[in-house]
Amino acid sequence: MKNSLIQTITIPKIFANGTLCYVEGKKHLPFNIKRVYFISEPVSGLTRGKHAHHKNVQIMYCIQGKVRVVLDDGINKAEIVLDKPEKGLLIDKMIWHEMKDMTEETILLVLASEYFNPKDYIRDYDEFLRLVKKK
Ligand code: TYD
């Protein structure tokens, strides 16, 4: 699998009575954060994601446990394991993404460039490939 799809954004981590990580908007990220969501207690072994976005760009942090993320731009695929709270993964628009190998302990924190909009989702892989080819 090709690796050029993988762009990580590592944020500061402070060791003080445990660990503390922080993200400062545009200082660390290539967009203004409009939305924050988190996924906790995922069903173990179930794949999540399986979609791309027309416009939304996201950074995903695995703040507890681990996740394997597969990214696909319609031509190349790449994957990465996130298992450190400070290591963020950029998921650009028009990137098909799947989150795998999560356990019940896994917590994903996602910072998004857009407000939630169901119309921004491409959930059909064939449609995604059609859109990629059109560009
Ligand atoms: P979805 O993005 O499909 O989750 P995943 O990719 O992890 O499987 O979202 C799951 C459900 O939650 C779906 O019905 C849309 C809803 N949702 C919101 O209402 N607001 C949000 O910000 C997000 C991310 C999802």
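This is a predicted model: local features need pLDDT of at least 70, side-chain atom pairs count only at pLDDT 80 or more; totals for chains, interfaces and linings use all residues.
Residues are numbered from 1 along each chain as its sequence is written. Local features need pLDDT of at least 70, side-chain atom pairs count only at pLDDT 80 or more, and totals for chains, interfaces and linings use all residues, while side-chain values use heavy atoms, with hydrogens and water left out.

The protein chain has two helices and twelve strands. Both kinds of element are DSSP runs, numbered from the N terminus: helices are H or I with at least four residues, strands are E with at least two. From the N terminus on, the order is β-β-β-α-β-β-β-β-β-β-β-β-β-α.

Overall dimensions were computed next. The C-alpha atoms fill a box of roughly 50 × 35 × 30 Å, taken along the principal axes. Buried residues make up 39% of the 135 residues. Buried means under 20% relative accessible area, exposed means over 50%, and partly exposed lies in between (1.4 Å probe, protein chains only). The protein chain exposes about 8000 Å², and carbon and sulfur atoms supply 51% of that area. Accessible areas come from the Shrake-Rupley method with a 1.4 Å probe; for residues, only the protein chains shown count as cover. Among contacts with a separation of 6 or more, 78% join residues 24 or more positions apart. A contact means heavy atoms within 4.5 Å.

Strands of a sheet pair through backbone hydrogen bonds, either parallel or antiparallel. Here, two strands pair if DSSP finds at least two bridges between them. Cys-62 stands opposite Leu-108 in β11.

Another open sheet of five strands has the order β8-β7-β10-β5-β12, again with antiparallel pairing. Its edge strands, β8 (77–82) and β12 (121–122), each pair on one side only. Strand β7 (residues 67–72) is joined to β8 by six bridges and runs antiparallel to it. Val-70 stands opposite Glu-79 in β8.

The cysteines were then examined. A disulfide is a pair of cysteine sulfur atoms within 2.5 Å. By this rule the count is zero. The closest cysteine sulfur to that of Cys-21 belongs to Cys-62, 12 Å away, which is too far for a bond. Cys-62 is therefore buried, because its relative accessibility is 1%. Cys-21, at 27% relative accessibility, counts as partly exposed.

Glu-24 lies in the loop between β3 (19–21) and α1 (25–28). Glu-24 is partly exposed, with a relative accessible area of 34%. Its C-alpha atom is separated by 27 Å from that of Pro-42, 18 residues apart along the chain.
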